[in-house]
Amino acid sequence: MIDFKYYAPTHVVFGKDSESKTGSLVKKYGGTKVLLHYGGQSAQRSGLLDVVKASLKENGVEFVELGGVVPNPRVSLVRKGIEICREQGVDFLLAVGGGSVIDSAKAISSGMYYEGDVWDLFIHKAKATRYLPVACVLTIPAAGSEMSDGCVITNEEGDLKKDYCVDEFRCKFAIMNPERTFTLPAWQTACGVTDMMMHTFERYFSNEDEMTITASIAEALLRDVMVNAHKVLKNPDDYVARAQIMWAGSLAHNDLTGCGTIGDWATHTLEHELSGMFDVSHGAGLAALWGSWARYTCHKNISRFAQFAVNVMGVTQNFKSLEETAEAGIVACEEFFRSIGMPTNIHDLIGRDITDEEIEIMADKCCEFGARNIGGLVELNRDDMVAIYKMAK
């Protein structure tokens, strides 16, 4: 067990019609002119944007709009957002959407007062010293960006996907109405469930496993997410199941399931190169890689993988060894991913065989051309990265 600090300052407003409170909350947290940031047409078609705008107007909050955020949000739109904020005197950022929209808003926040190019922050060439406040109306439970300190942005030049994490990125408030998730396509729901499970895995599979209360919280979250995933895929309008998935997405990435542990994050780092190169859904990319990562690293803490097999995946303990129990848990998890429509290898993810040349390119980018290793459970070098990608072919 390691010493830790837990910081989760986001004001969560959860429940039916909660989006009607948007304007009063912006006002409460000091916003007078908002950049209303969103993705495609769904927020408009559903009427959500109209509700949010009406609430802002009712509370005397001015706003300008910037739509067009796509999955794996692009730095080019971030730069446009920064320009708009500077020209319009924006003092508050409101993201209406999922993790991609929230991350794009966070990136705009970081670049608003930075004198150089915002991409400098994501390649860790510099660090911002001042940020615009960010809040969100969440529509896609998945990334957990509504309560996390993280942000991931893609640079179209070179297909680079990089993260930047600071406490200033934690949303001032997050509005969550599970009803707004009823119309999510099954694929998007499944990708979201996978992402929140992976956020928990990255903290759970650790060499620091003495914090049993943290592990118990993680295991309960994982069990409930899997049960409710099947419920909402069968009945998309199941409010209770949608609500539990929505809240699980936040708890999976607000650091609660990592208190007292050292996270791994290798699967996420490896996946960033997959989605950077092939522009695939992040959750699906994680599912395609996780089994290979798990088999490659489980020897380091085999008892934790066996514990996962029994406590989360329901594997019986009638096995000859921890290794067999651990493998049965990995197999069961892959079976769950397939049961909700997720791929468990790269071929199924991208629809063809990946080439060795593409694997080498991803490994080069992932290790930053030999400048870094990744992983907390097992430290992985470039050769390890290549091996995991090849196992996942």
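Here is a short chat about a few spots in this predicted model.

Biologist: Okay, on to helix 12 (residues 302–311): which of its residues are buried?

Modeller: Buried means under 20% relative accessible area. In helix 12, the residues that count as buried are I302, R304, F305, A306, F308 and A309.

Biologist: And what covers the buried residues of helix 12?

Modeller: Cover here goes by contact, meaning heavy atoms within 4.5 Å. For the buried residues of helix 12, the cover includes helix 7 (186–204), helix 8 (212–234), helix 11 (282–297) and helix 13 (322–339).

Biologist: What is phi of D159 near?

Modeller: Most residues other than glycine have a negative phi. D159 is found in the loop between strand 6 (150–155) and strand 7 (160–165). It's partly exposed, with a relative accessible area of 34%. Its phi is positive, though D159 isn't a glycine, and the value is near 50 degrees.

Biologist: What about D255, where is its place, and what is its phi near?

Modeller: D255 has its place in the loop between helix 9 (239–251) and helix 10 (266–278). With a relative accessible area of 26%, D255 is partly exposed. Phi of D255 is again a positive value in a residue other than glycine, near 80 degrees.

Key: Residues are numbered from 1 along each chain as its sequence is written. This is a predicted model: local features need pLDDT of at least 70, side-chain atom pairs count only at pLDDT 80 or more; totals for chains, interfaces and linings use all residues. Side-chain values use heavy atoms; hydrogens and water are left out. Buried means under 20% relative accessible area, exposed over 50%, partly exposed in between (1.4 Å probe, protein chains only). Helices (H or I, at least four residues) and strands (E, at least two) are DSSP runs, numbered from the N terminus.
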